[in-house]
Amino acid sequence: MDIIDAIKRRTSVRRYRPEPVPREAIELLLDCAVRAPNHKLTEPWRFAVLTGEAKAGLAEIRARHRLGRYEDPASGEARAAMEKVRRETLDIPAVIVIMCRLHDDEITREEDYAAVMMGTANLMAAAVSLGLGTYLRTGGVMHDPALGELVGLPDGFRIVGVLSVGYPAESEAPRRRRPAGDLTQWLG
Ligand SMILES: Cc1cc2nc3c(=O)[nH]c(=O)nc-3n(C[C@H](O)[C@H](O)[C@H](O)COP(=O)(O)O)c2cc1C
C-alpha cells in the first residue's frame, strides 16, 4: 500500500482478530519507528514487545487502574469494568511498550520525546500498510512502577506509550478531522 493511503486510512483500532502478529512484521514496524528524524542521533527509543503470556501482567495492571476510577471498587459496575479491561488486554495480539530516554538537558529531552513519537507515528502508518491496526494509549498506567518492572524500564527512561497491535476485527472508517486547509495560512 502506498504510504499516503496508509496514513489516510489509519485509525485507532480497538478490536482485533485473534491470530498472532508474526514476529517479522513487528520487527519491520520497529525498524520503521527508528527511521524517524532524531536530532543529534540520540536514539532515545526503547521498546518492549508483549505477546502471549507476557500480556497477563499488563492486563492485571490495566485492570487495577480501571478499578481505581470507581468510588466503590467492590461494586458490580467496577468489577465488570475491570474484567472487561482485563479481557480486552488479553485479547490484544501484541502490545508494544514505547520508552524514551530522559536526557538531563531540557531541550534534548523535548526533542527526544518528539523523535520517539514521530517514530511511533511511522510505526502506526507502516502497520496499516501490512494490514495491521494499532491503538496508542498513555495515561496513569505509564507511570505505574509495576509496568516499569514488567518491561524492564532502564534507569533514566520513561514509558511514553502503550501500543496495541493486531489484525483489525472489522474495517473502520477513519475518524473525523478538520481539513488541513482550514487550519493553514499560505504566505508569500
Ligand atoms: C500521545 C497520544 C496519547 C493517547 N492516549 C490515549 C489514551 O490514553 N487512551 C485512549 O483511549 N486513546 C489515546 N490516544 C488515541 C486518541 O484518542 C486517538 O488517536 C483519537 O481519538 C483519534 O482517533 P484516531 O486515532 O482513530 O484518528 C492517544 C493518542 C496520542 C497521539
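**Overall shape and cysteines of a predicted chain**

The protein chain has 188 residues, for which a compact globule would have a radius of gyration near 16 Å; the chain has 18 Å, which agrees. That radius is taken over C-alpha atoms, and the globule rule is 2.2 Å times the number of residues to the power 0.38. The C-alpha trace spans about 60 × 40 × 35 Å along its principal axes.

This is a predicted model, in which local features need pLDDT of at least 70 and side-chain atom pairs count only at pLDDT 80 or more, while totals for chains, interfaces and linings use all residues. Residues are numbered from 1 along each chain as its sequence is written, and side-chain values use heavy atoms, with hydrogens and water left out.

Six helices and four strands make up the secondary structure of the protein chain, in the order α-α-β-α-α-β-α-β-α-β from the N terminus. Both are DSSP runs, helices being H or I of at least four residues and strands E of at least two.

Of contacts (heavy atoms within 4.5 Å) between residues at least 6 apart in sequence, 81% join residues at least 24 apart. Of the 188 residues, 39% count as buried; buried means under 20% relative accessible area, exposed over 50%, and partly exposed in between (1.4 Å probe, protein chains only).

The whole structure has zero disulfides, a disulfide being a pair of cysteine sulfur atoms within 2.5 Å. The sulfur of C32 lies 19 Å from the closest cysteine sulfur, in C100, which is too far for a bond. C32 is partly exposed, at 24% relative accessible area, whereas C100 is buried, at 3%.
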